[in-house]
Amino acid sequence: VTSAHVVHPFAFPHYYKAQMEWLGHVKEEHVSCRLEARDVDGRIVMEFPLSHKVYRHSERDLAVLHPPVAGQLLEEMDLYGRRTLDLAPQDAGEGDSLVFVGHKLLEGGEEEQEQVP
């Protein structure tokens, strides 16, 4: 799971106004993605190519990437002593609170932006 504007920048021209002249020529077939694991010093300790197909959410800045062969990524991670973490220990229920950590979420136009709690 990643930000769609990172793997499909051509779909977000309002994010990249200054670069849009050349970015307007970029299409999905021009983009390649890979998963990297890094150590605490930032050195790459594992690199894995991902499928060229990106599944982008129709309304959110969200995309899902997959390994080219199902299960292959988990096998590769085992070789490097890496493991995955569950996104949540259990399914969220109706009315449960969700906490977003990371980017500030903004709504509105450029002049009237406010942080969404």
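Student: Leaving aside neighbours within four places in sequence, which residues is His 8 in contact with?

Tutor: This is a predicted model, where local features need pLDDT of at least 70, side-chain atom pairs count only at pLDDT 80 or more, and totals for chains, interfaces and linings use all residues. Residues are numbered from 1 along each chain as its sequence is written, and side-chain values use heavy atoms, with hydrogens and water left out. Contact means heavy atoms within 4.5 Å. On that basis, the partners of His 8 are Glu 28, Val 54 and Arg 56.

Student: Is His 8 buried or exposed?

Tutor: Buried means under 20% relative accessible area, exposed over 50%, and partly exposed in between (1.4 Å probe, protein chains only). His 8 has a relative accessible area of 3%, so it counts as buried.

Student: And where does His 8 sit in the chain?

Tutor: Helices (H or I, at least four residues) and strands (E, at least two) are DSSP runs, numbered from the N terminus. His 8 falls in the loop between helix H1 (4–7) and helix H2 (20–23).

Student: Which residues have the most contacts inside the largest nonpolar core?

Tutor: A nonpolar core is a set of buried Ala, Val, Leu, Ile, Met, Phe, Trp, Tyr and Cys residues joined through side-chain atoms within 4.5 Å. The largest one has 18 residues, and the ones with the most contacts inside it are Val 7, Cys 33, Met 46 and Leu 65.

Student: In what sense do S1 and S2 pair?

Tutor: Two strands pair if DSSP finds at least two bridges between them. Strand S1 (residues 34–38) and S2 have five bridges, and the sense is antiparallel.

Student: Which residue in the hairpin of S1 and S2 takes a positive phi?

Tutor: That hairpin has five residues between the strands. The one with a phi near 90 degrees is Gly 42.

Student: Why does the pair of Arg 34 and Glu 47 tie together parts that are 13 residues apart in sequence?

Tutor: A salt bridge is a side-chain nitrogen of Lys or Arg within 4 Å of a carboxyl oxygen of Asp or Glu. The side chains of Arg 34 and Glu 47 meet in one, at 2.5 Å from N to O. The pair ties those parts together because Arg 34 lies in strand S1 and Glu 47 in strand S2.

Student: Which residues are linked in a network of salt bridges?

Tutor: Arg 38 also forms a salt bridge with Glu 36, with the closest N and O atoms 2.6 Å apart. The network links Arg 34, Glu 36, Arg 38 and Glu 47.
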